[in-house]
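The report below covers side-chain contacts, accessibility and surface patches. The sequence and structure come before the details.

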Amino acid sequence: LILIIIGFISVGEQFILIWAGPDYKSAYYIVLILMISNLASYTQGSLLLLTQAMNKHKKRNIIYLIVTAFNIIISIPLAKHYGAIGAAAGTGFSMFIGFYIIMQIYYHKETGVNMFRFLYETIIKLLPSAVVTLLFAWGVSLVLDNNIYTMILQVIIITLIYIIMIALTDLTEYEKNTIKKMFRYVIKGIR
């Protein structure tokens, strides 16, 4: 997920300009706000299943309802004053409060999962690799022209840099060995 966000930060605006034209440039900022604010919810799918298995998901649904109502209450005035970016900002703020704060407390109390460690392992631990990849992506964007072919090249470069960074800094020995075994299996299958 972080790689997708890095890719969108790096080439999303260029993609929207090429695909939809300059009239839709604000779509980049709208999507970016929504992607980043929703990142925590993407990583919490297993926790939803855990609360369902424990039959403790009723409170979660009530929290989601409250967050949704809060989103409507703040997004409508923001949309009236600032348009689509205002609506996205209201939604992003609601999601941040709901997913990054309230749901973390809920999951911590209801499931016993250490949410500080969970957030660290699923998001925070990956941030140094993400920052380095973004810096490389920014450097590449300074050198390449703005067209569809260089955008595809940028995506390939960003992906390779991120994979290398993750392999060097974030994978455990077990994960590295698992990947090596997969590569050996694939290579044997090709022969």
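## Aromatic pairs

Phe 93 has a relative accessible area of 44% and is therefore partly exposed, where buried means under 20% relative accessible area, exposed over 50%, and partly exposed in between (1.4 Å probe, protein chains only). The model is a predicted one, in which local features need pLDDT of at least 70 and side-chain atom pairs count only at pLDDT 80 or more, while totals for chains, interfaces and linings use all residues. Residues are numbered from 1 along each chain as its sequence is written, and side-chain values use heavy atoms, without hydrogens and water.

A pair of aromatic rings is described by the distance of the centres and the angle of the planes. Here rings of Phe, Tyr and Trp (its six-membered ring) pair if their centres lie within 6.5 Å; planes under 30 degrees apart count as stacked, over 60 as edge-to-face and the rest as tilted. Seven aromatic pairs are counted by this rule. One of them joins Tyr 28 to Tyr 29, edge-to-face, with 5.0 Å centre to centre and 80° between the planes. Tyr 28 is buried, since its relative accessibility is 7%, whereas Tyr 29 is partly exposed at 37%. The pair of Phe 70 and Phe 93 has its ring centres 6.1 Å apart and its planes at 50°, so this pair is tilted. Phe 70 is partly exposed, with a relative accessible area of 32%. Ring pairs also link Phe 8, Tyr 28 and Tyr 29 into a cluster.

## Salt bridges

Side chains of opposite charge can pair when their charged atoms come close. With a salt bridge taken as a side-chain nitrogen of Lys or Arg within 4 Å of a carboxyl oxygen of Asp or Glu, the whole structure contains five salt bridges. The table lists some of these pairs.

| Salt bridge | Closest N and O atoms |
|---|---|
| Glu 13 and Lys 25 | 3.3 Å |
| Glu 121 and Arg 117 | 3.5 Å |
| Lys 125 and Glu 121 | 3.1 Å |

The pair of Glu 13 and Lys 25 forms a salt bridge. This pair links distant parts of the chain: Glu 13 belongs to helix H1 (residues 2–19), and Lys 25 to the loop between H1 and H2, 12 residues apart. Helices (H or I, at least four residues) are DSSP runs, numbered from the N terminus. Glu 13 is partly exposed, with a relative accessible area of 23%, and Lys 25 is partly exposed at 37%.

Arg 117, Glu 121 and Lys 125 are linked in a network of salt bridges. Arg 117 and Glu 121 both lie in helix H5 (residues 115–122), four residues apart, about one turn of the helix. How do the accessibilities of these residues read? Arg 117 is exposed at a relative accessible area of 55%, Glu 121 is partly exposed at 32%, and Lys 125 is buried at 18%.

## Surface patches

Patches are made of residues with over 30% relative accessible area and no salt bridge; like charges are joined within 9 Å, and nonpolar side chains (Val, Leu, Ile, Met, Phe, Trp, Tyr) within 5 Å. Accessible areas come from the Shrake-Rupley method with a 1.4 Å probe, and for residues only the protein chains shown count as cover.

A nonpolar surface patch of about 810 Å² is made by Ile 18, Ile 148, Tyr 149, Ile 152, Ile 156, Leu 160, Ile 164 and Leu 168. Helix H7 (residues 148–169) supplies the largest share of this patch, seven residues. Ile 164 lies in helix H7 and is partly exposed, with a relative accessible area of 48%.

Lys 180, Lys 181, Arg 184, Lys 188 and Arg 191 form a positive surface patch. For charges, Lys and Arg count as positive and Asp and Glu as negative, while His and the chain ends are not counted; the place of a charge is taken as NZ of Lys, CZ of Arg, CG of Asp or CD of Glu. Arg 191 sits in the segment after helix H8 (173–190) and counts as exposed at 78% relative accessibility.

## Two further residues

Most residues other than glycine have a negative phi, and most peptide bonds are trans. Asn 55, which is not a glycine, has a positive phi of about 55°. Asn 55 is placed in the loop between helix H3 (45–53) and helix H4 (57–111), and is exposed, with a relative accessible area of 64%.

Leu 39 is in helix H2 (residues 26–43) and is buried, with a relative accessible area of 9%. Leu 39 and Ile 5 are 34 residues apart in sequence and 9.0 Å apart in space, C-alpha to C-alpha.

Methods
Helices (H or I, at least four residues) and strands (E, at least two) are DSSP runs, numbered from the N terminus.
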